[in-house]
Amino acid sequence: MIEVRDLRKAFGEVKAVDGISFTARDGQITGLLGPNGAGKTTTLRMLYTLMRPDAGRVLVDGIDAGVDPIAVRRRLGVLPDARGLYKRLTARENIDYFARLHGIETPKMHARREALVDALEMRDIMDRRTEGFSQGQRVKTAIARALVHDPRNVILDEPTNGLDVMSTRSMRAFLKSMQSEGRCVLLSSHIMQEVAALCDRIVVIAHGRVVADGAADELRARTGKANLEDAFVAIIGSHEGLAA
Amino acid sequence: MKTAAIVFMKEVRENLRDRRTVLNTCITGPLMAPLIFVLVIHFAIAKQVEQAEKPLPVSVIDARYAPNLVEALKQLGMEAKPPMANPEAAVRAQEANVVLRIPAAYGNAWRKGEPAQVELIYDASQSDSAQAEARLEQMLKGLGQRTASLRLLARGLSPALAPPIAIAERDQSTPQSRGGLLFAMLPYFFILAAFVGGTALAIDTTAGERERQSLEPLFANPVPRWQILAGKLGATSLFSLVTVLLSIIAFAQVGHFLPADKLGMVLDLGARFTITVLVAMLPLVLLLAAAQTLVAAFARTYREAQTYLTLLTFLPAIPSILLSILPFKAKLWMYAIPVVGQQTVILRLMRGETVAGTPLAVCVVCTTIAALVVCAITARVYQSERLAISA
């Protein structure tokens with residue numbers, strides 16, 4: 001479970017995150033929905049302790065990220081916005097590198113890696129160097145290395161960004177399977193259809209604040225709009241950033 | 001330190017797969033210093049041989065006033081060239097090294113037994129010209145002495161009366177020390193090897209990793225950043241150390257490729273040279289690796305980092321140039337300054353001198369302290385939030 005309480009972060013004059021609070025529960029997929037520049041990536045970066053918040057708290061399974069960031073990172077699987085691989089290493093070596101950094105014993109590492117290879121259908125690319133991988137192959141590798149330590153909580157920044165239709169569909173299926181395993185899945189997106197199709201709970205963010213929080217149906221009911229896109233526009237109060 | 005070891009192994013493995021890095025570490029870097037060394041020595045020897053044996057071309061103006069003198073100079077190795085219209089301009093333009101002009105009054109003065117003047121036109125700021133002038137002057141002085149002796153004998157006096165002081169020259173210089181500026185620059189090329197060996201990794205592990213957007217996922221792992229940095233510094237130092245070690249080994253072999261007979265000495269760059277230089281260079285390798293990592297950490301892209309590191313590479317050239325221009329005598333404080341200390345050690349060893357235990361210890365301890373300080377600063381920079389953000 002991930003709990004965020006009144007999180008704030010400013011870059012100079014710009015208040016990127018201005019008092020965000022929400023809870024992502026186990027066995028649920030929670031979506032951070034918002035236009036580009038709403039503060040989603042900055043919020044997630046504070047969750048996985050890459051950035052320190054100016055104020056507010058982040059609790060992962062009850063552990064305060066400000067007090068014990070390493071314990072928090074141990075409980076998180078993170079697919080950041082930046083998902084660069086080591087191009088002179090094979091997919092397998094990329095995954096094993098992160099597994100070793102998590103301190104996983106070799107037998108367990110093999111078992112966990114093989115399970116992910118099957119789930120992500122990436123066996124054919126395991127022993128190829130990642131240089132020249134397609135976007136889909138890169139994302140698969142990045143996800144496998146992020147989840148190789150079997151984390152209870154999974155954070156994904158725009159997971160379907162740049163993927164084609166087939167890759168997007170298998171990504172959604174994979175996220176659903178993680179949910180059914182009882183994990184806490186938190187993802188960010190600026191695509192309403194995706195969030196509506198996937199998420200049990202939607203946290204809408206605009207200008208660094210939470211402007212709505214609930215299931216898709218609740219959001220529709222609250223705004224009186226049948227269509228989630230219209231509901232979204234009504235919630236954030238403008239057409240800003242809806243080009244996607 | 002298990003994390004540092006994991007990072008270290010991964011960086012080493014990844015960079016061993018990069019052909020350009022391996023080529024730089026194992027071939028280009030190590031061979032640079034010894035190659036330049038051999039070239040400089042051969043150049044210096046060729047110069048000496050040329051000075052001693054080759055005829056000296058001198059343009060002679062109005063040779064008709066002193067045919068006997070010109071003939072005697074030819075016997076001593078002067079090659080008389082035809083006169084020129086404007087010798088001063090020719091010397092300034094470096095078209096002639098030295099010009100001999102004989103005034104019309106020469107013959108009269110000679111016959112009367114008075115000092116007969118000849119003019120040497122040259123440019124002391126041009127080393128070729130100054131050397132040619134010195135050689136011609138030497139010839140003239142020799143002839144003068146001979147004539148003086150003959151004149152004294154003709155008057156029934158002992159020639160021993162004429163020179164009240166006899167000078168015996170005992171030159172203590174070696175071909176190396178006569179190499180001057182070029183030779184003083186050699187330790188720099190040596191230190192350059194450490195730079196070359198570490199550059200690729202210093203960039204790859206910082207600016208390169210950020211540009212490839214792999215630093216943010218790396219920092220999401222549950223390990224302290226300083227341990228990641230330690231592994232990366234270790235890998236950078238290892239590559240740099242391999243370059244330095246190969247460079248020293250290649251250097252130690254240089255002696256076999258030099259003509260010892262012409263050099264007038266055997267250049268002994270044996271085991272003691274190898275070990276002493278390696279000991280002095282060890283802490284410097286860490287210092288340079290940390291400095292390169294620190295500088296590269298400020299760069300946004302690989303290319304930007306390359307530019308910064310190239311500028312950084314010129315820094316150790318400054319003490320080299322100063323040491324070659326200023327009158328150089330090794331003082332203890334010099335050993336305390338990183339880079340300068342190593343240069344002093346290497347320079348002394350190459351001149352065939354020894355380095356005592358105390359200066360070497362001062363050199364190693366002070367450079368180690370400096371290396372740890374730079375490591376600590378780099379670790380601080382590594383903690384900064386800005387570092388990991390790619391965009």
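This is a predicted model: local features need pLDDT of at least 70, side-chain atom pairs count only at pLDDT 80 or more; totals for chains, interfaces and linings use all residues.
**Chain A**

Chain A contains nine helices and 10 strands. Along the principal axes, its C-alpha atoms fill a box of roughly 50 × 40 × 35 Å. Of the 244 residues in chain A, 45% are buried. Counting contacts in chain A between residues at least 6 apart in sequence, 70% join residues at least 24 apart.

**Contact between the chains**

On the chain B side, 20 residues are in contact with 23 residues of chain A. Two elements of chain B give two or more residues to this side: helix 1 (2-16) and helix 10 (215-219). Helix 1 of chain B gives the most, with four residues. The table divides the residues of the side of chain B that touches chain A by kind.

| Kind of residue | Number on the chain B side |
|---|---|
| nonpolar | eight residues |
| polar | five residues |

**Nonpolar cores**

The largest nonpolar core has 141 residues. Those with the most contacts inside this core are I155(A), F190(B), A194(B), V285(B), L287(B) and A290(B). Helix 9 of chain B, residues 186-211, gives the most to the core, with 15 residues. Leaving aside neighbours within four places in sequence, V285(B) is in contact with A194(B), S237(B), S240(B), L241(B) and V244(B). A second, separate core has 16 residues, among them L69(B), L73(B), L100(B) and L136(B).

Definitions and conventions
Residues are numbered from 1 along each chain as its sequence is written. Chains are lettered from A and ligands numbered from 1 in the order in which they are written. A residue is buried if 20 or more other C-beta atoms lie within 10 Å of its own, exposed if 12 or fewer, and partly exposed in between; C-beta atoms are placed from the backbone. Two residues are in contact if their C-beta atoms, placed from the backbone, lie within 7 Å. Ala, Val, Leu, Ile, Met, Phe, Trp, Tyr, Cys and Pro count as nonpolar, Asp, Glu, Lys and Arg as charged, and the others, Gly among them, as polar. A nonpolar core is a set of buried Ala, Val, Leu, Ile, Met, Phe, Trp, Tyr and Cys residues joined through C-beta atoms within 7 Å.
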